[in-house]
Amino acid sequence: MKRSEPDQPPVNIPTVVLTVHEDGILTATLDGAPLTPPQWAPPWRRESFPQIIDQASNDRTRPIRVEVREADGSVFTDLITARPRRALPEPEPVAEAKPTPGLPVFHQIEGDGFVPGEDVAVAIITGHTDAAHTGTARALIDPTNPIPDHATGQIEVLLLGRISGATVVRRLP
């Protein structure tokens, strides 16, 4: 006689419902319970969408279903998948003796269009993102790996004039 396997429970994906009001304010629920902005923060608005998704999905560690109900009655639904978990790196073997540090390598980056004497910010570009349909952009910074691998030759540097607004992007040699 063949044993039958017990029925598996259905997969349950949390549902976030975002209701957009005429004035642009959003109300949010997670499986029917109110999802509110942090204490002292202003009410949710359309531009709060990424923050709401991050909060509801525990910073994208679990998948969620999102339903957006517009003020005009239209409804949009999407599934937000969880990011794959990163494997922890193997610990580095402890060296017996500290090697003597080599001399630093300096690179010169130049650009034109700045006001003489102005403060120019220097930034290493750690990644790129796309602008949303609203023209806004959002960057996620990984503090554990802020600088790209120099060996690939893909390091770019941004010079930004604080007064002139001049921007120069150069790739390191």
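Strand β1 (15-20) and helix α1 (49-56) each contribute at least two residues to the lining of the largest pocket. This is a predicted model, in which local features need pLDDT of at least 70 and side-chain atom pairs count only at pLDDT 80 or more, while totals for chains, interfaces and linings use all residues. Residues are numbered from 1 along each chain as its sequence is written, and side-chain values use heavy atoms, with hydrogens and water left out.

A pocket here is an open set of points on a 1 Å grid over the protein atoms alone, where a 1.4 Å probe fits, with protein on both sides within 12 Å along at least five of seven lines; lining residues have an atom within 4 Å of a point. The largest pocket holds about 550 Å³ of space, the volume being that filled by probe spheres set on the points, which are joined across faces, edges and corners. Its lining comprises 17 residues, and Arg46, Glu47, Phe49, His133 and Thr134 lie nearest the centre. By class, nine are nonpolar, three polar and five charged; Ala, Val, Leu, Ile, Met, Phe, Trp, Tyr, Cys and Pro count as nonpolar, Asp, Glu, Lys and Arg as charged, and the others, Gly among them, as polar.

Let us turn to the fold. The protein has one helix and eight strands, in the order β-β-β-α-β-β-β-β-β from the N terminus. These are DSSP runs: H or I of at least four residues for helices, E of at least two for strands.

Two strands pair if DSSP finds at least two bridges between them. Strand β6 (residues 120-125) runs antiparallel to strand β7 (residues 156-161), with six bridges joining them, and Ala123 stands opposite Leu158 in β7. On to β8 (residues 167-171): five bridges join this strand to β7, again antiparallel, and Val157 faces Arg170 across the pair. The hairpin formed by β7 and β8 has five residues between the strands, and Gly165 in the turn has a positive phi of about 75 degrees.

Finally, consider Glu67, in strand β4 (residues 64-69). Why does Glu67 count as buried? Because its relative accessibility is 11%, and buried means under 20% relative accessible area with a 1.4 Å probe, protein chains only. Leaving aside residues up to four places away in sequence, Glu67 touches Val16, Val17, Leu18, Val75, Phe76 and Thr77, a contact being heavy atoms within 4.5 Å.

Methods:
Buried means under 20% relative accessible area, exposed over 50%, partly exposed in between (1.4 Å probe, protein chains only).
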